[in-house]
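Me: I want to know what lies behind the terms used for this structure. Please set each value against its definition.

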Amino acid sequence: MGTILPQVSRESEAAPAKTRLDFVDNLRWVMIVLVVSMHAAVTYGHLGSWYFVEDPKPGREVVIVFATYQTFLQAFFMGLLFLIAGYFVPGAYERKGLTTFLRDRVVRLGLPSLFFMMVVQPLTVYWLLRDFADHSRPPLSQAYLPYLSSGRFLSGSGPMWFAVALLLFSVVYGVVRALVGRTEDKEPETPLPEDRQVIVLALVMGLCTFLVRIVQPMGTNILNMQLCYFSQYILLFLVGICARRRNWLLQMPYAFGMRWMSLALVVGGLVWAVFVFALLKTHSEDKVSGGLTWQSAVICFWESFFCVGLCLGLIVLFREKFNRQGRFTRWLSDNCFAVYLFHTPLLIGVTLALRGLDAPKLVKFLCATALGVTVTYLASSLVFRRIPLLKRIL
C-alpha cells in the first residue's frame with residue numbers, strides 16, 4: 001500500500017529529488033474519504049449493500065440523486081486504487097525479491113484483512129448492531145465460535161475485500177515474475193498511450209464486465225467479492241504495472257488526461273441522464289444489474305468509459321496541481337489505510353447516533369460523511385496507530 005519508489009520523472013528534472021510521489025498519496029487519501037462517503041450514501045439511499053440502512057426508504061427523486069452519486073463514484077474510485085496499487089508492485093518486487101515481497105504483502109494486506117474478519121466484523125455484527133439496531137441478532141458470546149467454525153468469517157472481510165483482492169493479485173504477479181525469471185526494466189522511451197489505446201481499453205473493459213454480469217450480476221458476491229466489477233479491477237491493476245514500467249504516470253501529458261476527463265464528465269453525464277430517463281420510462285430498472293439486456297450493456301460500457309476518463313484526468317490533475325503535501329495532508333495520507341480498516345464500525349456508530357436527527361436524507365448523508373471521516377481519522381491517529389501490534393500493519 002505504500003508509495004515509495006525512485007524518482008524517475010523527466011518532467012521534474014528541475015525539481016529537488018524526492019522518493020515519494022505526493023500526488024499519489026493525495027489521490028489515495030481522497031479516494032478513501034470517498035469510500036466512507038459511499039457507505040454513508042448506502043445508509044440513507046438504500047442502494048447497495050451495507051451493514052445498516054436507515055428506514056424509511058427515501059422518495060424517488062432522492063433515490064435518483066443517490067443513485068447518480070453512487071454510480072458515478074463506483075464507476076472509477078476502486079478501479080483507480082487498483083491502478084495505483086499495481087503501479088507500485090513491480091518496484092516492490094524488484095527491491096525485495098519473491099519471498100520478501102510475498103511476506104511483506106501478507107503483513108501489509110493479509111494481516112489487516114484477517115484482523116477485520118476475526119475482530120472488527122464480529123464486534124460490528126454481533127455487538128454494535130445487535131445492541132443498538134437489531135436485537136434479534138445473537139450476542140457475540142454465542143455467535144463468535146459458530147462464526148469461526150462455520151467458515152462464515154471468510155465472507156466477513158467487509159470493505160477489506162480490497163486488501164484481500166490486492167493480496168491475491170500480488171501473489172499472482174510475484175509467481176509469474178518468478179517463473180519468467182527476468183528483471184522488468186523500465187522502458188522510458190516507450191510511446192505514451194494514445195486515444196485509440198484508451199478506447200480499446202474501455203471497450204475491452206466494458207465487454208468483459210458485461211459478460212461477467214451475465215452470470216454474476218450486481219449485488220451478488222463470492223466470499224464478499226463482487227465479481228461484477230473485477231474485470232475493471234484486474235485490467236486497471238495491469239495498467240498500473242505497465243504504467244510503472246513505462247513511466248506513464250509521470251510523463252502522460254496534462255492536456256491528454258484532462259481532455260479524457262472532460263469527455264467522461266460531459267458526455268458521460270449526458271448519457272447517464274438519457275439512460276435514467278429511459279429506465280424510468282420503460283420501468284426496467286431491475287434489468288440494469290446484469291443478464292443479456294441492453295440496460296446491462298449500456299451501464300457496463302458507460303462505466304468503463306467513465307472510469308478510464310476519470311482515472312486519466314485525476315492522475316494528471318493531481319500530478320500537476322496537488323503534487324505537494326503539508327503537515328495536514330501528510331497526516332491524512334499517513335492515516336488513510338487505518339481509516340479504511342476501521343471506518344465500518346465508527347461510521348455505523350455515527351449513523352446510529354444520527355437516527356434522532358429530524359432532517360432530510362441528503363442532509364443526514366452529508367452530516368454522516370463529515371462526522372464519519374472526522375471521527376475515524378481522529379481515532380486512527382490518536383488510538384489505533386498508537387497500539388504497537390496494530391501500528392506494524394497500519
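Reply: Contact means heavy atoms within 4.5 Å of each other. By that rule Leu-312 touches Val-198, Met-252, Phe-256, Gly-257 and Trp-260, leaving out residues up to four places away in sequence. The model is predicted: local features need pLDDT of at least 70, side-chain atom pairs count only at pLDDT 80 or more, and totals for chains, interfaces and linings use all residues. Residues are numbered from 1 along each chain as its sequence is written, and side-chain values use heavy atoms, with hydrogens and water left out.

Me: Why is Leu-312 called buried?

Reply: Buried means under 20% relative accessible area, exposed over 50%, and partly exposed in between (1.4 Å probe, protein chains only). Leu-312 has 13%, so it counts as buried. Its place is in helix α10, helices being DSSP runs (H or I, at least four residues; strands are E, at least two) numbered from the N terminus.

Me: What makes Val-266 exposed?

Reply: Val-266 has a relative accessible area of 53%, so it is exposed. Val-266 is found in helix α9 (residues 254-282).

Me: Which residues make the nonpolar surface patch of about 510 Å²?

Reply: Leu-263, Leu-265, Val-266, Val-267, Leu-270 and Val-271 make it. Patches consist of residues with over 30% relative accessible area and no salt bridge; like charges are joined within 9 Å, and nonpolar side chains (Val, Leu, Ile, Met, Phe, Trp, Tyr) within 5 Å. Accessible areas come from the Shrake-Rupley method with a 1.4 Å probe, and for residues only the protein chains shown count as cover.

Me: What makes Arg-330 and Asp-22 a salt bridge?

Reply: A salt bridge is a side-chain nitrogen of Lys or Arg within 4 Å of a carboxyl oxygen of Asp or Glu. The closest N and O atoms of Arg-330 and Asp-22 are 3.1 Å apart, and the pair forms a salt bridge. Arg-330 lies in helix α11 (residues 327-353) and Asp-22 in helix α1, so the pair ties together parts 308 residues apart in sequence. Arg-330 is partly exposed at 22% relative accessible area, whereas Asp-22, at 11%, counts as buried.

Me: How many salt bridges does the structure hold?

Reply: The structure holds 14 salt bridges. Among them is the pair of Arg-213 and Glu-303, at 2.8 Å from N to O. That pair links helix α6 (residues 195-215) with helix α10 (residues 294-321), 90 residues apart. Arg-213 and Glu-303 are both buried.

Me: How do you know that the span of helix α1 agrees with its number of residues?

Reply: The expected span is 1.5 Å times one less than the number of residues. Helix α1 (residues 22-45) has 24 residues and should span 34 Å; its end C-alpha atoms are 34 Å apart, so the two agree. Because 22 of the 24 residues are buried, α1 is largely enclosed by the rest of the structure.

Me: Which residues touch the most other members of the largest nonpolar core?

Reply: A nonpolar core is a set of buried Ala, Val, Leu, Ile, Met, Phe, Trp, Tyr and Cys residues joined through side-chain atoms within 4.5 Å. The largest has 120 residues, and Phe-76 and Trp-161 touch the most other members. Helix α3 (residues 77-132) gives the most to this core, with 23 residues. Leaving aside neighbours within four places in sequence, Trp-161 has contacts including Met-78, Phe-82 and Tyr-340.
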